[in-house]
Amino acid sequence: MALNLSHQLRVLAGTPIKSGEMTAPSVDSSLSVSPPSARMHKAMNLNYKAHGADPSRNVSPPVSPVLGATRADLSVACKAFAVESAVSGVETVEEQRTYKEGGIGGKKGNGGVPVFVMMPLDSVTMGNTVNRRKAMKASLQALKSAGVEGIMIDVWWGLVERESPGAYNWGGYNELLEMAKKIGLKVQAVMSFHQCGGNVGDSVTIPLPQWVIEEVDNDPDLAYTDQWGRRNHEYISLGADTLPVLKGRTPVQCYSDFMRAFRDNFTHLLGDTIVEIQVGMGPAGELRYPSYPEQNGTWKFPGIGAFQCYDKYSLSSLKAAAEAYGKPEWGGTGPTDAGHYNNWPEDTQFFKKEDGGWNTEYGEFFLSWYSHMLLDHGERILSSAKSIFEDTGVKISVKIAGIHWHYGSRSHAPELTAGYYNTRFRDGYLPIAQMLARHNAIFNFTCIEMRDHEQPQDALCAPEKLVNQVALATLAADVPLAGENALPRYDEYAHEQILKASALSFDDEKSEGESREMCAFTYLRMNPELFQAENWGRFVGFVKKMGEGRDSHRCVEEVEREAEHFVHVTQPLVQEAAVALTH
């Protein structure tokens with residue numbers, strides 16, 4: 001099972017953006033190639049800071065008198081974060097929300113970026129009810145009063161269509177979305193066609209629908225497969241996209257029917273409360289192959305991962321592509337010299353910088369086929385989603401993984417195994433952006449809070465350069481860019497980087513004078529730590545600054561004073577949320 005990339009990256013560390021060159025500088029120092037076993041040991045045991053904050057910086061702002069006065073109460077409230085308290089709801093005061101609305105679901109104003117907050121993975125229970133209703137209501141009221149634009153909710157395929165094909169139980173989602181509407185929060189609804197559970201940060205296990213699991217048990221090739229025969233069951237292999245292998249329906253038909261049923265059930269909320277549909281495209285909901293599965297120790301950061309095209313359906317496509325190319329001998333299998341999950345590029349013949357197979361005619365053929373399979377998968381599902389949600393007033397978005405390790409190498413091996421044909425000599429994100437642009441979809445990127453220096457330097461990690469490249473690709477394709485943080489971060493050091501990433505300016509020759517502002521940002525995630533006094537104070541200030549936008553003429557001190565006022569006003573709601581969530 002693949003590690004949910006949101007979760008994988010959470011473990012990696014970070015925070016982002018700095019304008020600069022699209023491609024990392026060449027790393028041509030003559031490195032001696034370590035034996036694979038030694039390199040694997042090094043990769044598997046590499047330690048890195050999960051939160052990556054610079055210890056030499058004082059990231060905690062001085063505590064204001066207002067925040068200091070409420071800290072004791074909030075501390076007590078947060079300690080209770082487990083008892084579902086029968087406290088009465090506090091009505092949201094309209095005065096509490098004076099930030100600029102913008103982007104998705106709001107008026108663009110002077111360039112502010114609206115902030116959404118991810119809900120817990122288990123917001124809806126396996127019994128199709130809202131998990132901890134009082135806690136949820138109090139939490140949503142606190143978010144609303146702090147100026148948050150809305151929330152992001154996973155709508156799990158494995159919950160809604162669990163019992164039998166075509167039998168949809170919207171249960172807790174009906175109640176949760178009505179709750180959001182009543183409180184006045186917008187919703188980004190994620191069509192989660194992947195499995196939840198078994199990954200870092202997963203607090204709940206939600207498998208694929210039982211009837212889908214039965215079909216995979218009967219035909220194991222419906223699962224993504226690596227060259228050693230290891231199966232990955234987090235998402236149905238895209239090789240079977242158009243085959244009627246799921247009780248007479250194709251996987252794409254199943255996804256389409258699910259989205260259509262969602263539309264029909266929530267028509268009254270579309271465009272008003274539900275403003276965005278994020279369409280799941282693979283493991284973790286991202287458009288990628290499950291090339292770095294962490295469960296059972298298969299992959300460890302910063303390994304290069306492995307190609308996932310060895311199920312019989314994908315191999316059949318490869319065989320046809322090789323014959324059409326005039327090289328039928330290339331159609332029997334994928335690269336046999338691409339190493340193992342925990343190798344580094346220079347450990348392998350295929351990914352090494354000098355005379356590596358990735359930069360040969362065969363490599364170009366295989367990587368083009370592999371990446372186009374992923375793009376075709378996206379095209380099929382987006383075409384359906386676009387027709388289903390046409391004229392409903394909602395935006396469509398797709399999440400792309402932030403694979404930043406070994407970005408400074410020539411081959412960009414981890415990106416290649418995930419299906420992103422991005423190398424020192426080729427832009428792999430522009431084709432993705434262009435595909436999304438054809439369907440008027442939003443490009444959602446995941447490692448927005450990361451900084452280069454917080455990552456292991458020997459692994460040539462470069463999240464800032466990667467985000468710059470993605471931002472330039474979306475600018476060139478004229479597709480909206482949205483973002484998420486990969487780790488739960490509450491320090492101002494991380495917030496500063498998100499603010500920079502949300503409004504990038506480019507000073508290179510090609511893009512002189514250009515800028516790239518995000519249409520929305522989704523904050524990971526609502527949890528007990530968010531409601532702790534200092535974290536909440538910083539978060540409210542962060543939301544205010546994001547709402548101000550790059551073109552705001554108000555001084556930082558004025559925005560911070562207003563944020564302090566909001567912290568004070570929201571204190572009763574935050575205390576209620578903390579107490580209710582404690583149980």
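Start by selecting α4: here Ala135, Met136, Ala138, Ser139, Leu140, Gln141, Ala142, Leu143, Lys144 and Ser145 are buried, where buried means under 20% relative accessible area, exposed over 50% and partly exposed in between, using a 1.4 Å probe and protein chains only. Helices (H or I, at least four residues) and strands (E, at least two) are DSSP runs, numbered from the N terminus. Before going on, note that this is a predicted model, in which local features need pLDDT of at least 70 and side-chain atom pairs count only at pLDDT 80 or more, while totals for chains, interfaces and linings use all residues. Residues are numbered from 1 along each chain as its sequence is written, and side-chain values use heavy atoms, with hydrogens and water left out.

**Still on α4.** Helix α4 covers residues 133-145, and ten of its 13 residues are buried. Draw a distance between its end C-alpha atoms and you get 18 Å, which agrees with the 18 Å that 13 residues should span at 1.5 Å a residue; the expected span is 1.5 Å times one less than the number of residues. Just after α4, click on Gly147, which takes a positive phi of about 100°.

**Next, select 115-118.** This is strand β1, and both of its faces are covered: Val115 and Val117 sit on one side, Phe116 and Met118 on the other, and all are buried. In a regular strand the side chains alternate between the two faces of the sheet.

Which strands does β1 run parallel to? Strand β12 is one, joined to β1 by three bridges, and β2 (residues 150-156) is another, also pairing in the parallel sense over three bridges. Two strands pair if DSSP finds at least two bridges between them. To line things up, find Phe116 opposite Thr522 in β12, then Val117 opposite Ile151 in β2.

**Follow β12 out to Arg525.** Arg525 is in the loop between β12 (520-523) and α15 (533-548). Buried or exposed? Arg525 is buried, because its relative accessible area is 12%. Show Met119 too: its backbone oxygen lies 2.7 Å from a polar atom of the Arg525 side chain, a polar contact being a pair of N or O atoms within 3.5 Å; within protein, one must be able to donate a hydrogen and the other to accept it, and residues adjacent in sequence count only if both atoms are side-chain atoms.

**Zoom out.** The protein chain has 16 helices and twelve strands, and 60% of its 583 residues count as buried.
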